[in-house]
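Hello,

Please find the structure below, with notes on what was found in it. The notes move from helix packing to the sheet and end with a single residue.

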Amino acid sequence: MTQIQDLSLNWRVSKQEAEAIERELLEDYRFGKQQLIEIFGHACAVAVTKVFPLSSLPKKQPTVLVICGPEQNGAIGLVCARHLRVYDYEPTIFYPKRSLNSLYQDFTTQCEKMDIPFLSYLPTEVQLINDAYNLVVDAILGLETDPTTVKEPFAGILTTLKQIKLPLVSLDIPSGWDAETGHSEGITPEVLVSLTAPKKCATQFLGKHHFVAGRFLPYDLQKKFELNLPVYSGAECVIQL
């Protein structure tokens, strides 16, 4: 474990590098956008099951609130919710600003067809959220978001998330954090699932569980960007640092 943690200090990527890696995956390695989102969403769900197995949840019902933004991180959250449903959790999605992207709309339809409920609003009374769910998945703001320009309804959602007493699981970048420097006004998650490789802001993460979902990356791409990824065991798609 210590060796992996030491290695991780040398392979955090900048926002520019993360964008370049994804661009090469799409353009040179011919991955599809849907394929990448599916890989990431599945890995995030697996990470949730590792930290919060069904038998460990404090409430009788295995409820999970998944909050999705309008960009790619939100789509990954939709896929995560779908896989959590397959794993017998009971996700509920709050998706206040739905994307017009047809691909993201497909992910929404998949969730609806699996009878995953969508909230029409997020309660402002924090205790209602605390009482209803076991944990919250933060899939709100991603790499493409400037945290200094966060507008409603997301600014209000972040305010609510700062007050809840439930564990938070953030996908790739905790919402409200700067991808390079870390958080200023952002949330404080217990779990971070870094996608492809940890971003520079991950140095500021002080939560209990940090996972990386990057096993699928072609070796030549890993070598080009000097990612020095840790060794995954067995058939695992995520690894905890």
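Helix α4 (residues 72-86) and helix α5 (residues 102-113) cross at roughly 25°, and their axes come within 9 Å. An axis here is a line fitted to C-alpha atoms, for helices over the stretch in contact, and angles run from 0 to 180 degrees between N-to-C directions. Helices (H or I, at least four residues) and strands (E, at least two) are DSSP runs, numbered from the N terminus. α4 and α5 are therefore roughly parallel to each other; angles under 35 degrees count as roughly parallel, over 145 as roughly antiparallel, 65 to 115 as roughly perpendicular and the rest as oblique. α4 passes α5 in a left-handed crossing. A crossing is left-handed if the near helix is turned anticlockwise from the far one by less than a right angle, and right-handed if clockwise. On the α4 side the contact (heavy atoms within 4.5 Å) is made by Q72, A75, L78, V79 and R82, and on the α5 side by Y104, F107, T108, Q110 and C111. Six nonpolar, three polar and one charged residues make up the contact of α4 with α5. In this scheme Ala, Val, Leu, Ile, Met, Phe, Trp, Tyr, Cys and Pro count as nonpolar, Asp, Glu, Lys and Arg as charged, and the others, Gly among them, as polar.

The model is predicted: local features need pLDDT of at least 70 and side-chain atom pairs count only at pLDDT 80 or more, while totals for chains, interfaces and linings use all residues. Residues are numbered from 1 along each chain as its sequence is written, and side-chain values use heavy atoms, with hydrogens and water left out.

α4 also packs against α3, at an angle of about 55° with the axes 7 Å apart. α3 and α4 are therefore oblique to each other, and their crossing is right-handed. Among the residues that meet are I37, F40 and V48 in α3 and I76, V79 and L84 in α4. By class, the contact of α3 with α4 has ten nonpolar, five polar and three charged residues.

Next, the sheet. Eight strands form an open sheet in the order β3-β2-β1-β4-β5-β8-β9-β10, with mixed pairing; two strands pair if DSSP finds at least two bridges between them. The edge strands, each pairing on one side only, are β3 (118-119) and β10 (239-240).

Strand β1 (residues 63-68) runs parallel to β4 and is joined to it by five bridges; L65 has V136 as its bridge partner in β4. Three bridges join β4 to strand β5 (residues 168-171), again in parallel, and V137 is partnered by V169 in β5. Five of the five residues of strand β4 (residues 135-139) are buried, so this strand is largely enclosed by the rest of the structure. Buried means under 20% relative accessible area, exposed over 50%, partly exposed in between (1.4 Å probe, protein chains only). L135, V137 and A139 lie on one side of β4, with V136 and D138 on the other.

Helix α3 (residues 33-51) lies across β4, β5, β8 and β9, running at about 150° to β9. Helix α7 (residues 154-161) packs on the sheet too, touching β1, β2 (90-94), β4 and β5.

Leaving aside residues up to four places away in sequence, T160 touches L122, P123, V126 and I129.

Regards
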